[in-house]
Amino acid sequence: MKITRIGIVGSGNIGGNLGIMLAKAGYEVCFSSRHPESLGDLVRTAGPTARAGSVAEAITFGDVVLLSVPLKAYRELDSETRQALHGKIVIDTSNPYPERDGAMAVEARQDPGGMGSVVARLLPGARIVRAFNSVYFEDLKQTVNKNGDTIGIPIAGDDQEAVAVAVELARSVGLDPVVVGGLTASKLFDVGTSVYATSASASEIKAKLSIE
Ligand SMILES: NC(=O)c1ccc[n+]([C@@H]2O[C@H](COP(=O)([O-])OP(=O)(O)OC[C@H]3O[C@@H](n4cnc5c(N)ncnc54)[C@H](OP(=O)(O)O)[C@@H]3O)[C@@H](O)[C@H]2O)c1
């Protein structure tokens with residue numbers, strides 16, 4: 001699948017910065033917000049291949065969607081947005097934080113299938129792949145860790161085309177993808193795991209998670 005256009009829903013620390021990196025890597029990017037008029041600086045920083053729009057416009061624009069919102073926002077998405085995500089490859093970066101997301105984050109942390117299962121239930125019909133959730137955004141921007149090694153990006157999904165897209169996007173911005181397994185394997189790099197927010201290299205991630 002050839003990816004040229006990326007729709008970004010949630011243009012904050014992760015969506016905004018990763019969007020800039022993807023635009024500079026040559027993709028056409030549509031940042032979105034519930035207040036798209038606030039995205040002018042982001043679009044200017046990202047350069048000529050970037051634009052801004054509504055959430056609906058970004059989803060329609062993207063060959064794939066980078067969904068980077070707080071977990072609680074999934075419950076706030078309207079039916080039109082859910083419908084638009086149906087059948088789309090959705091790269092999901094979310095993490096469950098009770099102080100921000102409330103009870104649903106407490107439940108999500110206890111889910112035996114990890115966040116992959118949680119998000120798949122919240123967005124039925126979307127082609128979910130988990131990626132970019134385990135790296136602090138300031139580190140992501142640097143692409144290398146304090147040892148000078150390229151930061152690894154654990155990826156998990158059941159949809160092989162969606163996984164391949166996440167691999168391509170990670171590589172295109174100078175990060176090192178590590179496919180961990182199917183969607184429920186995302187629990188291996190959820191919040192609280194040995195690789196979460198460590199900016200570990202791909203080889204460190206593979207060693208910690210016993211991946212070949
Ligand atoms: N910060 C990190 O280093 C980091 C690292 C990895 C993963 N994550 C995870 O990735 C997700 C995004 O984190 P972040 O730090 O980028 O958050 P953030 O800076 O707060 O940005 C999130 C964006 O989501 C949008 N949003 C909120 N509610 C929404 C809704 N109901 N519908 C549509 N958009 C909505 C907001 O945009 P508008 O208000 O403009 O609409 C906001 O700009 C979170 O789940 C977080 O846990 C964060």
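Modeller: A word on conventions comes before the features. This is a predicted model, in which local features need pLDDT of at least 70 and side-chain atom pairs count only at pLDDT 80 or more, while totals for chains, interfaces and linings use all residues. Residues are numbered from 1 along each chain as its sequence is written.

Biologist: What radius of gyration does the protein chain have, and what would a compact globule have?

Modeller: The radius of gyration is taken over C-alpha atoms, and the globule rule is 2.2 Å times the number of residues to the power 0.38. For 212 residues a compact globule would come near 17 Å, and the protein chain, with 16 Å, agrees with that. Its C-alpha atoms fill a box of roughly 45 × 35 × 35 Å along the principal axes.

Biologist: How many helices and strands does the protein chain have?

Modeller: Helices (H or I, at least four residues) and strands (E, at least two) are DSSP runs, numbered from the N terminus. The protein chain comes to 10 helices and eight strands.

Biologist: Which residues of β3 lie on the covered face, and which on the uncovered one?

Modeller: In a regular strand the side chains alternate between the two faces of the sheet. In β3 (residues 50–53), Ala50 and Ala52 form the covered face, whereas Arg51 and Gly53 form the uncovered one. In β6, Arg127 and Val129 point one way and Ile128 and Arg130 the other, yet all are buried. Buried here means that 20 or more other C-beta atoms, placed from the backbone, lie within 10 Å of the residue's own; exposed means 12 or fewer, and partly exposed is in between.

Biologist: How many residues of helix α7 are buried?

Modeller: Seven of the nine residues of α7 (residues 114–122) are buried, so the helix is largely enclosed by the rest of the structure. Among them are Met115, Val118 and Leu122.

Biologist: Which residues come nearest to the ligand?

Modeller: A residue is near a molecule if its C-beta atom, placed from the backbone, lies within 6 Å of it. Of the 25 residues around the ligand, Gly10, Gly12, Asn13, Ser33 and Arg34 come nearest. Helix α1 (residues 13–24) gives the most to this shell, with three residues.

Biologist: Is serine 199 buried or exposed, and what is its phi?

Modeller: Serine 199 has 22 other C-beta atoms within 10 Å and is therefore buried; its phi is near 55°, a positive value in a residue other than glycine. This serine 199 is found in the loop between β8 (176–181) and α10 (202–209). Threonine 143 also has a positive phi, near 70°, but counts as partly exposed because it has 15 C-beta neighbours inside 10 Å.
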